[in-house]
Amino acid sequence: MSKGKKIGVGVIALVLLVVAIVAIVAVRHVMYVKQLSTVRIEKRDGVTRYIGAEGVSFYSMVDTPNKVYTLMNTEGDTDAYQIAHQIYVIDKKTGKMNEFYDTGYSKWSFSGVAQIFGDGRYLGWEERTADNVSTVKVYDLDSGKVVANLKDMELADFYKIVDDTLHWKEQDNKAKSVRLNGN
């Protein structure tokens with residue numbers, strides 16, 4: 001076999017190996033999410049607890065009348081800070097959990113959703129890259145549309161939605177706001 005054919009066969013073998021690895025990782029992720037797809041709901045003394053599978057914790061939750069939107073941390077995550085790659089939604093009646101939004105970043109990326117916030121009508125999230133560049137998106141839960149997509153945001157200490165307006169405080173203590181939905 002000539003040198004060129006050997007290189008060609010080697011490249012094809014390498015490409016097939018990479019495709020196989022990506023497929024295995026994707027299938028394992030889907031199987032893991034399906035395993036976690038039901039959340040146990042406990043109500044006691046006026047407090048509702050959402051309990052995931054062993055090794056799962058929820059954080060940065062937004063409570064709406066029928067659903068809870070949340071970020072999820074799984075045992076074995078090695079991030080020194082919490083950064084999520086998906087936003088999940090839990091049905092309050094059934095405990096069924098589904099993926100609401102996927103950033104598209106890999107599990108090992110330091111980019112993802114840093115926090116979520118909302119008011120029952122809107123769900124917002126701060127998506128941060130590994131370079132600390134933030135994009136803030138606000139989604140209208142009624143219309144099913146993103147109504148704000150603010151790019152290259154300064155890092156903010158908090159976000160709050162009041163009367164169709166997104167408010168935030170940047171790290172230099174400057175208060176900012178933007179109207180949502182053109183109202």
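**Exercise 1. Overall composition**

*Solution.* The structure is a predicted model, in which local features need pLDDT of at least 70 and side-chain atom pairs count only at pLDDT 80 or more, whereas totals for chains, interfaces and linings use all residues. Residues are numbered from 1 along each chain as its sequence is written, and side-chain values use heavy atoms, with hydrogens and water left out.

Step 1: the protein exposes about 11600 Å², of which carbon and sulfur atoms supply 54%; accessible areas come from the Shrake-Rupley method with a 1.4 Å probe, and for residues only the protein chains shown count as cover.

Step 2: Read from the N terminus, the order of elements is α-β-β-β-β-β-β-β-β-β-β-β-β-β.

Step 3: among contacts (heavy atoms within 4.5 Å) between residues at least 6 apart in sequence, 33% join residues at least 24 apart.

**Exercise 2. Strand pairing**

Describe the hairpin of strand 5 and strand 6, then work out which strands stand at the edges of the open sheet of four strands.

*Solution.* Step 1: strand 5 (residues 86–91) and strand 6 (residues 97–102) run antiparallel and are joined by five bridges; two strands pair if DSSP finds at least two bridges between them. Gln86 has Asp102 in strand 6 as its bridge partner. Five residues lie between the strands of this hairpin, in which Gly95 takes a positive phi near 80 degrees.

Step 1: the open sheet has the order 7-8-9-10 with antiparallel pairing. Strand 7 (112–118) and strand 10 (145–153) each have a single partner strand and therefore stand at the edges, with one side of each left without a neighbour in the sheet. Direction ignored, neighbouring strands of this sheet are turned by 15 degrees against each other on average, where axes are lines fitted to C-alpha atoms (for helices over the stretch in contact) and angles run from 0 to 180 degrees between N-to-C directions.

Step 2: within this sheet, six bridges join strand 7 to strand 8 (residues 122–128), which run antiparallel, and Phe117 stands opposite Gly124 in strand 8.

**Exercise 3. Aromatic pairs**

Classify the pair of Tyr69 and Phe100 and the pair of Tyr101 and Trp125, and say which residues the ring cluster holds.

*Solution.* Step 1: rings of Phe, Tyr and Trp (its six-membered ring) pair if their centres lie within 6.5 Å, and planes under 30 degrees apart count as stacked, over 60 as edge-to-face and the rest as tilted. By this rule there are five aromatic pairs.

Step 1: the ring centres of Tyr69 and Phe100 are 5.2 Å apart and their planes stand at 75 degrees, so this pair is edge-to-face. Tyr69 lies in strand 4 (residues 67–74) and Phe100 in strand 6, so the pair ties together parts that are 31 residues apart in sequence. Tyr69 is buried at 6% relative accessibility, whereas Phe100 is partly exposed at 26%.

Step 2: Tyr101 and Trp125 form a tilted pair, with 4.7 Å centre to centre and 40 degrees between the planes. Tyr101 in strand 6 and Trp125 in strand 8 are 24 residues apart, and both are buried.

Step 3: ring pairs link Tyr69, Phe100, Tyr101, Trp125 and Tyr139 into a cluster.

**Exercise 4. Salt bridges**

How many salt bridges are there, and which parts of the chain does the pair of Lys92 and Asp63 tie together?

*Solution.* Step 1: a salt bridge is a side-chain nitrogen of Lys or Arg within 4 Å of a carboxyl oxygen of Asp or Glu, and by this rule the count is seven.

Step 1: Lys92 and Asp63 meet at 2.5 Å, N to O. Lys92 lies in the loop between strand 5 and strand 6 and Asp63 in strand 3 (residues 56–63), so the pair ties together parts that are 29 residues apart in sequence. Lys92 is partly exposed at 21%, while Asp63 is exposed at 53%.

Step 2: another salt bridge joins Lys176 and Glu170 at 3.9 Å, N to O; Lys176 is partly exposed at 37% relative accessibility, and Glu170 is buried at 9%.

Notes: Helices (H or I, at least four residues) and strands (E, at least two) are DSSP runs, numbered from the N terminus. Buried means under 20% relative accessible area, exposed over 50%, partly exposed in between (1.4 Å probe, protein chains only).
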